[in-house]
Amino acid sequence: MTECTHSCPDCGIVACRGRKEEQYPPFCPTASLDPALLEEAMAQYQDEEQRKIAYTSACIEGEFYGRLTRVEETIEFIRRMGYKKIGIASCIGLLKETSIFCRILKACGMEYYAVGCKIGAVDKSEIDVPDTSKLNGGCAHESMCNPILQAKALAAQKTDFNILIGLCVGHDTLFLKHTEAPTTVMIVKDRVLGHNPVAALYTATGSYSRFKKELNITK
């Protein structure tokens, strides 16, 4: 088993929530934090946009924690930030969900532009994916997911806030790397668990765990 340095998940105190310094464990990242790193990070909040994002998020958390759904929270954030055009990068397998969300945005008087992951219709062979790794086995054209093009298409539409809906692991990474606008994630794809990936963690120590070997569970 790979040895990892102790960090926040190993703490059972979470004293940083109230800055109870006397309770910080020896490995606490806050206790050992380089002051220069803290200063560098806090300096970023002097930027008007980043400060407004942090401020707005904190206020929504304080006012609605545990009361708003993710969809409602996103709409409230858009309103308070004053975003005018919303970009949506969607998996084509979740276009139904995206369509419902777009109807909600429209009802709220919000402008949007959405692009599916197969935009451009470029065959997977263009990025050297072998036929054996294609869903159709290479028997016909199979378009690649193109998150970089999604990001560029939304930038061309001059969206000022983007939302990810169901992009695959890795594809979401590329979108986040290339997006020009602030971005949030609404849906994380998990076909097995109904797009609720945290369920794998909630059941990780139980009888139906899929990680019995990794967690040394014998029952």
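Reader: Is Val 129 buried, partly exposed or exposed?

Author: This is a predicted model, where local features need pLDDT of at least 70, side-chain atom pairs count only at pLDDT 80 or more, and totals for chains, interfaces and linings use all residues. Residues are numbered from 1 along each chain as its sequence is written, and side-chain values use heavy atoms, without hydrogens and water. Buried means under 20% relative accessible area, exposed over 50%, and partly exposed in between, with a 1.4 Å probe and protein chains only. Val 129 has 22% relative accessibility, so the residue counts as partly exposed.

Reader: Which residues does Val 129 touch, not counting those up to four places away in sequence?

Author: Val 129 lies in the loop between β2 (111-116) and α5; helices (H or I, at least four residues) and strands (E, at least two) are DSSP runs, numbered from the N terminus. Contact means heavy atoms within 4.5 Å. By that rule Val 129 touches Lys 124 and Lys 134.

Reader: Are α3 and α4 roughly parallel or oblique?

Author: Axes are lines fitted to C-alpha atoms, for helices over the stretch in contact, and angles run from 0 to 180 degrees between N-to-C directions. Here α3 and α4 pack at about 40°, their axes 12 Å apart. Angles under 35 degrees count as roughly parallel, over 145 as roughly antiparallel, 65 to 115 as roughly perpendicular and the rest as oblique. Therefore α3 is oblique to α4.

Reader: Which residues make the contact of α3 and α4?

Author: Both helices contribute side by side in the list. From α3 come Val 71, Ile 75 and Ile 78, and from α4 come Phe 101, Ile 104 and Leu 105.
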